[in-house]
Amino acid sequence: QVQLVESGGGSVQPGGSLRLSCASSAGIFSFASMAWYRQILGRPRERLGLVTGGSTTYADSVKGRFTISRDSAKNMMYLDMNNLQPEDTAVYLCNAERHGKGWDRTFYWGQGTQVTVSA
């Protein structure tokens, strides 16, 4: 069973930065894709960025401020967040998708890490 564990959340002032980490128990290249999401209470889960096929795409809400990177040797994915604003306050989650035979898909989620942005 694959486990994803996020870390690095915390409280930061507006304009500040944080780096979130996602540790995978499986090799990250065993996944068809990996992504960062965030969940704000009462709102749909928002995908922030998706890594697939060697490329990374970002949601407009974070483009230019957030950057996803990966370290295959450590089986880690990171989310560097800059110029954080109060509206970025959320639980941030790591996601990975694995493909099986045919259309078989398995999605894995971490437990999430809280990010709070306030003055």
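These are my notebook entries on strand β8 and the loops on either side of it.

**Entry 1: the model.** I am working from a predicted model.

**Entry 2: burial of β8.** I started with strand β8, residues 76-81. I asked how many of its six residues are buried. Five of them are, so the strand is largely enclosed by the rest of the structure. I took buried to mean under 20% relative accessible area.

**Entry 3: partners of β8.** Next I looked up which strands pair with β8. Strand β3, residues 18-24, pairs with β8 in the antiparallel sense over six bridges. Strand β7, residues 66-71, also runs antiparallel to β8, again with six bridges. I then checked M81 in β8. L18 stands opposite M81. F66 also has M81 as its bridge partner.

Entry 4: I noted its positive phi of about 55°, although N75 is not a glycine. Most residues other than glycine have a negative phi, so I marked this one.

Entry 5: Which residue did I pick out between β8 and β9? I picked N83, which lies in that loop. Strand β9 covers residues 90-99. N83 has a positive phi of about 50° and is not a glycine either.

Key
Residues are numbered from 1 along each chain as its sequence is written. This is a predicted model: local features need pLDDT of at least 70, side-chain atom pairs count only at pLDDT 80 or more; totals for chains, interfaces and linings use all residues. Side-chain values use heavy atoms; hydrogens and water are left out. Buried means under 20% relative accessible area, exposed over 50%, partly exposed in between (1.4 Å probe, protein chains only). Helices (H or I, at least four residues) and strands (E, at least two) are DSSP runs, numbered from the N terminus. Two strands pair if DSSP finds at least two bridges between them.
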